[in-house]
Amino acid sequence: MSEQQRPMDRRSLLKLMGAAGASTTVLSACGTSLGRTVSAQGLTGSGFGRQVSLATEGPGGNPQWKAGDSVKFLPPTDIPTSGSAAEALASLGKERLLTLYGLMQASRKWETTMKDLFLGGDDGLYGQFHTYVGEEAIAVGVMSVLNDDDYIASTHRGHGHLIAKGGDLNRMTAEIFFRDTGYNQGYGGSMHITDMSRGIMGMNGIVGASYYMAAGAALHAMVKGTRQVSVAFFGDGAAASPYYFSAVRSCANQKVPVIFVNENNLQYMGVPMALTVPTKYVSEYTKGLGIPTFLVDGNDIAAVHAATREAVEWARAGKGPSVIEGITFRWYDHAGFAGGRPGEDGALGLPYRTDEEVRQWMTRDPILRYRTWLVARSVATAGELDAIDREMQARVDASVEFARRSPRTRPEAGVLNTYASGAVPATQFFNRTGLATPTT
Ligand SMILES: Cc1ncc(C[n+]2csc(CCOP(=O)(O)OP(=O)(O)O)c2C)c(N)n1
C-alpha cells in the first residue's frame with residue numbers, strides 16, 4: 001500500500017483538520033485584506049436601498065488604514081443631503097423640532113459638564129465614563145420616532161440614549177456623584193442607569209448585550225400584540241460579537257420588531273474599525289437576511305430620523321427587524337478624558353487617531369449642523385436656539401446642585417437589586433450582616 005493510499009489514523013486526521021481549519025481562518029481573515037476588492041457600487045448602491053452616500057466606498061476591511069483616514073468618510077456638511085429625509089424631519093413641526101434640538105444640547109452639555117467636573121477633581125468623581133459627544137444625532141434621531149412606551153437597550157456609551165428617551169438629569173447626575181438619589185442609589189455608576197418608566201432597559205457594560213435585551217422586550221410586545229418596538233444600540237466593535245448575527249437572524253426568522261442601530265464611530269476602543277470589520281460596512285453582515293438595511297450619515301439627524309421612521313413602520317406592521325448603520329465619530333477617548341481639557345471640546349494627542357482628524361470631525365458637529373438647518377429653514381432664529389442652549393445648561397447645572405445636596409449612598413443600598421426583593425436570600429443576607437434592611 002502506498003503512502004498516499006494508507007488510511008489516515010484519527011490523530012493525524014484531527015491534526016490535519018486543525019491545520020486546515022486554522023489556515024482557512026487565516027486565509028479568510030486575509031481575504032479582505034489581500035487584494036479582494038469589493039465593488040463600491042454593490043455596497044453603497046441600490047443593494048442598500050435608501051441611504052446617504054458617503055465620500056468613499058467604506059472603511060472596513062482596509063489593512064492599509066492609517067490613523068487619520070477617517071476623514072475620508074466625513075459626511076457632507078450641507079444637510080439635509082436628501083430632500084425626502086429633510087421633509088420627513090420638517091413634518092414634525094416647530095415645537096417638536098426644537099424639543100429635539102434641546103435634547104441634543106442637553107446630552108452635549110451634560111456630558112461636557114461631567115467631563116469638566118471629572119477633570120476639575122473637586123467633586124471627587126471617579127469610575128468609568130464613556131462619552132457620547134459627537135454622536136448625538138443618532139440617539140435623538142432614533143428617539144424622534146419612538147413612542148414613550150417603546151423600548152431601548154443601550155450600551156456602555158449610553159448617556160445620550162437615556163437623555164434622548166427622557167431620562168432624568170437629576171437622577172443621572174446623582175448616580176455619577178454616588179448619591180442616594182441616583183438612578184441606582186449611587187451603586188451603579190454610569191454604566192447601569194436604567195429607567196423602565198421610559199422603556200429604558202439600561203446602559204450596559206457588557207458589549208453586545210443589547211441584542212437579546214431588545215429582542216426579549218420586542219418578543220414580549222409581539223406576543224401581547226401591543227405594537228411596541230424595541231431598539232438595540234451597538235457599536236462597530238460590538239458587531240463582532242457572535243451573538244449579533246444570531247440575534248438578527250432569529251428576529252428575522254420570527255419577525256420580531258427590533259431595530260438594530262449600529263453607531264459606527266469608526267473606532268473600536270483604540271483600534272480603527274477598518275481593521276476589525278471585514279466588510280466595508282457593518283450593515284453588510286446581515287445583508288443576506290433580506291431585511292431593510294439603512295446606511296446613513298449618522299451626524300445628520302434628518303437622515304437618522306427618516307431611516308428610523310421606515311424601520312419603525314416596518315416593525316409595527318409586523319414585518320420584523322431592520323438594521324440602521326450611522327457613520328459618526330466620538331470626540332473623546334474611548335473611556336475617561338485622556339487628552340481632554342476643562343472648558344475645551346475634544347480629546348487631542350491620542351495615539352490611535354490624529355488631532356487633525358478629530359478637528360475635522362468636530363467641524364461636522366451634528367448639533368451645529370442641525371442648528372444651521374433650523375435657522376436656514378426659518379424654523380427658529382439664532383436667538384431662540386441660544387435660549388434653548390442656556391436653558392439646557394441651566395438644567396444640567398441644577399442637576400449638579402441637586403446631586404451635591406443629596407445624601408451619599410448607603411452601604412446597604414449596595415445589595416439592593418442583587419437579590420429579588422422579598423426573596424429569602426436577601427433577608428438572610430441582612431440578618432447575617434446586621435445591616436438595616438433597605439426600605440426601597
Ligand atoms: C462582552 C464584553 N467584551 C469586551 C468588553 C470590553 N469592552 C468595553 S467597550 C469595548 C469596545 C466597544 O466598541 P464598540 O462596540 O465599537 O463601541 P464604542 O466604544 O465605539 O462606542 C470593549 C471591547 C466588554 N465590556 N464586554
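Which residues point one way from E7, and which the other way? Ser322, Ile324 and Gly326 take one direction and Val323, Glu325 and Ile327 the other, and all are buried (20 or more other C-beta atoms within 10 Å of their own, with C-beta atoms placed from the backbone). In a regular strand, side chains alternate between the two faces of the sheet.

## About the model

You are looking at a predicted model, where local features need pLDDT of at least 70, side-chain atom pairs count only at pLDDT 80 or more, and totals for chains, interfaces and linings use all residues. Residues are numbered from 1 along each chain as its sequence is written.

## Strand E7 and its partners

Strands (E, at least two residues) and helices (H or I, at least four) are DSSP runs, numbered from the N terminus. Strand E7 covers residues 322-327. Strand E3 (residues 258-264) runs parallel to E7, joined by six bridges; strands count as paired if DSSP finds at least two bridges between them. Here Val261 stands opposite Ile324.

Strand E6 (residues 293-297) also pairs with E7 in the parallel sense, over five bridges, and Thr293 has Val323 as its bridge partner. From E6 the chain passes through H11 to E7 in a right-handed β-α-β crossover (clockwise from the first strand over the helix to the second, with the strands pointing away from the viewer).

## The nonpolar core

The largest nonpolar core has 106 residues; such a core is a set of buried Ala, Val, Leu, Ile, Met, Phe, Trp, Tyr and Cys residues joined through C-beta atoms within 7 Å. Helix H11 (residues 301-316) gives the most to this core, with nine residues.

Technical notes
A residue is buried if 20 or more other C-beta atoms lie within 10 Å of its own, exposed if 12 or fewer, and partly exposed in between; C-beta atoms are placed from the backbone.
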